[in-house]
Amino acid sequence: MAVENIPVREGKPNLKDYEKARESFTWDEVKKNFSWSETGKVNMAYEAVDRHAEDPKKKNKTALLYSSPDREEKVTFSDLSQSSNQFANVLKKYGVSKGDRVFLFMPRSPEFYTSFFGILKVGAIAGPLFEAFMEQAVRDRLQDSGASVLITTPDLLGRVPQDDLPDLKKIVLVGEHDQSGDKYIDYETEMNAASTDFDMEWVDLEDGMLLHYTSGSTGKPKGVYHVHNAMIQHYATAEWVLDLKEDDVYWCTADPGWVTGTSYGIFAPWLHGVTNVVRGGRFTPEDWYGTLEKYEVTVWYTAPTALRKLMSAGEEAVKKHALSPLRHILSVGEPLNPEVISWGLDAFDLRIHDTWWMTETGAQLIVNFPSMEIRPGSMGKPIPGVEASIVDNEGNELPPNQMGNLAIKEGWPSMMRAIWNRPEKYESYFINGWYVSGDSAYKDEDGYFWFQGRLDDVINTSGERVGPFEVESKLIEHPAVSEAGVIGKPDPERGEIIKAFITLNDGYEDSDELREDIRKFVKTGLSAHAAPRELEVKDSIPKTRSGKIMRRLLKSWELGLPTGDTSTLEE
Ligand code: 6R9
């Protein structure tokens, strides 16, 4: 069923015509909003927190509205400024300095945000990890980054490797515990003893701020490295795309282990001094509608997988709640189904605005502005200061309506500056001055971009990127599994689900119990979202002559599609 284009809505949103604005735009205009444009001294923690804490009109404003099933808290800009100063003092006391990597492996909580800004204040690089990670996933990231300090909770400590991490000097424990020894730092004790004054470590715009690990189709997860300069784009897109204003109550549902949870769950709202809702705990439709209602959320940034779940919870669920303060909804992470947009019109009487970007791009690049007609199924158009195109494999631009590589002209402010430890990997993203995203798309005659799929094999399940290689590696660690090939299989609710094809070692027979045992093994060894929902036992796994698993072929078989070129298939 085709969903009709949705015209611009007059009324509350900012209807500035950004397509016009792009003609004369330069990023220098945005830089004028920051004090560093005059002083040359920069730190994201200053612009997002301390600047508001210094402002008599803003210091007692609620920065963080935190709630989880068993805890509720309001944190002002002044509170957050002081507590992050305290934590910066703790880090400094234990020798953390500029450029060091400090990782966070903990649930969303006020302490998370305090620690996060404490890390930035000493000039260190923050590495947020999903709390769902299992030991191997934590190990890979701590090893590659060479993190010297990890902040975690006693509950999660069991998944922190105790060996093979020579760089890891200290573990900060948030919450009651019975660990002793030099390696452990008690958060509460140290915070109580620490001063609320701290001399900010001023850094350069190009100094490191953040490492986000993300999965590729081969090899270990890669560390995408971002610098303080990214704030220029976080600030601008918060205004243009999120349409944030002084008295908004903003809720970004993303976990800070995902780039959306930092760029838009921390930086974008707080650079503007906007009240930010953070909800911990598991997703339920009732709870999410309840959160929107209770905090009178006005701007909401979420993901298609959540919207699809809300949609399947039915009309009753939404009509029970008073959501009239809500005025703007946005989505990111995977294609936004036209059906969901049309449901949103009924459920909220609002348009849902799709946005496209990646961990590597650091901030939104292709979006639906409030000032644009929405074409359901399209990701929208590039923001001012960004040139996007469709190119062939040599980096030549293709004409409208032709599918190819979605690519961005190098040089936007929030672009990653490196892949940690892997310069050759970083270089491989760029062809002929274009950053090549790995997504395929086309552009229509009017400049709207339409997503087609991932060009590599990375799986996107409920908005989480999962590398098949990671899952395959874990599968073959199971004593029964000989070989494994993993693909993403289209799924109406989750975007894709993980399907694994395996061969068994001698002495093992296919059975429901065995497959369930293997699933559990991946779940506890890697993470719940990486566990295959479907598992099929085969006699062999197709591979190339050089030994690479042909996932493309597995996928074609699974979906009953033509198999394409199989010349490299091993006999
Ligand atoms: C922010 C984020 C990036 C990949 C990207 C693409 C997919 C993101 C999308 C979308 C269709 C959208 N993706 N937004 N696909 N429509 N609006 O998601 O970062 O986790 O690195 O994923 O997600 O495939 O290449 P990340």
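Which helix and strands each supply at least two residues of the shell around the ligand? Some notes as I went through this one.

1. Ground rules: this is a predicted model, where local features need pLDDT of at least 70, side-chain atom pairs count only at pLDDT 80 or more, and totals for chains, interfaces and linings use all residues. Residues are numbered from 1 along each chain as its sequence is written, and side-chain values use heavy atoms, with hydrogens and water left out.

2. To the opening question: α10 (259-271), β14 (352-356) and β22 (449-454). Of these, β14 gives the largest share, three residues. Helices (H or I, at least four residues) and strands (E, at least two) are DSSP runs, numbered from the N terminus.

3. The ligand has 19 residues around it, with W258, T355, T359, R454 and R465 the closest; to count, a residue needs a heavy atom within 4 Å. By type, the shell splits into nine nonpolar, five polar (Gly among them by definition) and five charged.

4. Oxygen atoms of the ligand sit 2.5 Å from a polar side-chain atom of T359, 2.8 Å from one of W258 and 2.9 Å from a side-chain N or O of D439. The protein buries 98% of the 530 Å² that the ligand exposes when taken alone (Shrake-Rupley, 1.4 Å probe).

5. Elsewhere, have a look at α5 (residues 77-93): twelve of its 17 residues are buried, meaning under 20% relative accessible area. Among them are F77, L80, F87 and L91. After α5 comes G95, with a positive phi near 85°.

How values were computed: Polar contact = N/O pair within 3.5 Å; in protein donor to acceptor, adjacent residues only side chain to side chain. Buried < 20%, exposed > 50% of the residue type's maximum accessible area, 1.4 Å probe, protein only.
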